[in-house]
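Please look over the chain shown below before reading on. The paragraphs that follow go from its overall layout to its helices, its pocket and a few single residues.

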Amino acid sequence: ARPFDTFGRWGGEEFLGIIRHIDAEGIKLIAERVRRLIEASSVGVPGGQERITVSVGGTLHRAEDDLDEVVRRADHLMYHSKEAGRNCVTTDD
């Protein structure tokens with residue numbers, strides 16, 4: 001991500017990224033980069049390290065969108081990634 005992009009916890013196990021000044025191809029590239037970085041990471045657990053993965057849903061803000069609509073669409077796409085086997089990126093081109 002770039003210095004002016006923002007990521008944070010949105011709820012339980014969900015995180016939200018605000019990626020400004022980007023097109024559909026760029027959102028796919030950044031989402032895939034984040035997915036690969038997370039996939040290459042691990043967390044310490046009792047008895048060793050645990051690999052982690054992420055299911056990503058990416059969408060662009062549209063002129064008619066409010067925050068709720070953008071988040072709803074991204075959430076729907078994230079669940080599509082989970083249903084597709086997890087550890088993947090789904091965008092709405």
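A residue is called buried when its relative accessible area is under 20%, exposed when that area is over 50%, and partly exposed in between, with a 1.4 Å probe and protein chains only. By this scale Glu14 is partly exposed, because its relative accessible area is 27%. The model is a predicted one, in which local features need pLDDT of at least 70 and side-chain atom pairs count only at pLDDT 80 or more, while totals for chains, interfaces and linings use all residues. Residues are numbered from 1 along each chain as its sequence is written, and side-chain values use heavy atoms, with hydrogens and water left out.

The protein chain contains two helices and six strands, where helices (H or I, at least four residues) and strands (E, at least two) are DSSP runs numbered from the N terminus. Read from the N terminus, the elements follow the order β-β-α-β-β-β-α-β. The C-alpha trace spans about 50 × 30 × 25 Å along its principal axes, and of the 93 residues of the protein chain 26% count as buried. Contact here means heavy atoms within 4.5 Å; among the contacts between residues at least 6 apart in sequence, 40% join residues at least 24 apart.

Helix α1 takes in residues 24–39, and its 16 residues reach 23 Å from the first C-alpha to the last, close to the 22 Å expected at 1.5 Å a residue. The expected span of a helix is 1.5 Å times one less than its number of residues. The buried residues in α1 are Gly26, Ile27, Ile30, Ala31 and Arg35. Why do they lie on the same side of α1? They do so because they cover an arc of only 165 degrees around the axis, the arc being that of the directions from the helix axis to the C-beta atoms. The packing partners of these buried residues of α1 are β5 (56–58) and β6 (89–91).

In α2, the residues Val70, Val71, Arg73, Ala74, Leu77, Met78 and Ser81 are buried. They cover an arc of only 160 degrees around the axis, and therefore they are on the same side of α2. On the other side of α2, by contrast, Asp68, His76 and Glu83 are exposed. The cover over the buried residues of α2 includes β1, β2, β5 and β6.

Rolling a probe the size of a water molecule over the atoms shows where empty space is left. On a 1 Å grid over the protein atoms alone, a pocket is an open set of points where a 1.4 Å probe fits, with protein on both sides within 12 Å along at least five of seven lines, and lining residues have an atom within 4 Å of a point. The largest pocket has a volume of about 1200 Å³, a volume being the space filled by probe spheres set on the points, which are joined across faces, edges and corners. Its lining consists of 36 residues, of which Phe15, Leu16, Gly17, Val56 and Gly57 lie nearest the centre. The lining divides into 21 nonpolar, nine polar and six charged residues; Ala, Val, Leu, Ile, Met, Phe, Trp, Tyr, Cys and Pro count as nonpolar, Asp, Glu, Lys and Arg as charged, and the others, Gly among them, as polar.

Phe15 belongs to strand β2 and counts as exposed because its relative accessibility is 58%. Leaving out residues up to four places away in sequence, Phe15 touches Gly8, Arg9 and Trp10. Phe15 and Val56 are 41 residues apart in sequence, yet their C-alpha atoms are 9.4 Å apart in space. Glu14 is also found in strand β2, and beyond its neighbours within four places in sequence Glu14 is in contact with Gly8, Arg9, Asp75, Met78 and Tyr79.

Most residues other than glycine have a negative phi. His21, in the loop between β2 and α1, has a positive phi near 55 degrees, and with 70% relative accessibility His21 counts as exposed. Asn87, in the loop between α2 and β6, likewise has a positive phi near 55 degrees.
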